[in-house]
Amino acid sequence: MSEISTKPYMLRAIYEWCTDSGYTPYLAVKVDASTTVPMEYVKKGEIVLNISFGATSGLKMDNDSIRFHARFGGVSREIYVPVNNVMAIYANENGQGMAFEPQAGGAEAPPPVEETSVPGPSLAAVPTPAPAGKNEAPGAPQDDNDPPKKGGRPTLTRIK
């Protein structure tokens, strides 16, 4: 009988410690063909994901994978991360957590999402044109001159 990895148990324990302590849990992930993440946010083959309750929907941390939905640039995306690809889990506020060696191999592609086939038109993403004179990366915030706000809860501003 093969030995069961302690890694998924440690991930769940650090996640629970972060949430119980009022910290924001972040995952550092090595991106490869077995991960499903928004590629426009990947830097040097890695991505850091906020997995707090307020940032995710339907978070499920199994022994082999971590799955959830999260918004990127206002668009809900399905995220799939094999446990083998997790490099670290830590509290954003103080950096306390645990780092792991990403394990090559053993990671499988995510199972296909069950979809019901309905004949008719299908939806596709339409790229939005960039404002004239601005050369920004896709998905980058396009606020006029407001610096990004750090920390705290998001607020809703009503504009008439």
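The legends below describe close-up views of a predicted model.

**View 1. The aromatic pair of Trp17 and Tyr23.** Three aromatic pairs are found when the whole structure is searched, and one of them joins Trp17 and Tyr23 in a tilted arrangement, with 5.4 Å from centre to centre and 55° between the planes. Trp17 is partly exposed, having a relative accessible area of 31%, and Tyr23 likewise counts as partly exposed, at 28% relative accessibility.

**View 2. The aromatic pair of Tyr26 and Tyr90.** The ring centres of Tyr26 and Tyr90 lie 6.0 Å apart and their planes meet at 40°, so this pair is tilted. Because Tyr26 belongs to strand β1 and Tyr90 to strand β6 (residues 86–91), the pair ties together parts of the model that are 64 residues apart in sequence. Tyr26 counts as buried because its relative accessibility is 19%, and the cut-off for a buried residue is under 20%.

**View 3. The charged end of Arg12 and the ring of Tyr9.** Here the side chain of Arg12 places its charged end over the ring of Tyr9, at 4.8 Å from the centre of that ring.

**View 4. Lys44 in a loop between two strands.** Lys44 is found in the loop that runs between β1 (25–30) and β2 (46–50), and its relative accessibility of 81% is why Lys44 counts as exposed. The phi angle of Lys44 is near 55°, which is a positive value in a residue other than glycine. Most residues other than glycine have, by contrast, a negative phi.

Note on methods. Residues are numbered from 1 along each chain as its sequence is written. This is a predicted model: local features need pLDDT of at least 70, side-chain atom pairs count only at pLDDT 80 or more; totals for chains, interfaces and linings use all residues. Side-chain values use heavy atoms; hydrogens and water are left out. Helices (H or I, at least four residues) and strands (E, at least two) are DSSP runs, numbered from the N terminus. Buried means under 20% relative accessible area, exposed over 50%, partly exposed in between (1.4 Å probe, protein chains only). Rings of Phe, Tyr and Trp (its six-membered ring) pair if their centres lie within 6.5 Å; planes under 30 degrees apart count as stacked, over 60 as edge-to-face and the rest as tilted. A charge sits over a ring if NZ of Lys or CZ of Arg is within 6 Å of the ring centre and within 35 degrees of the ring normal.
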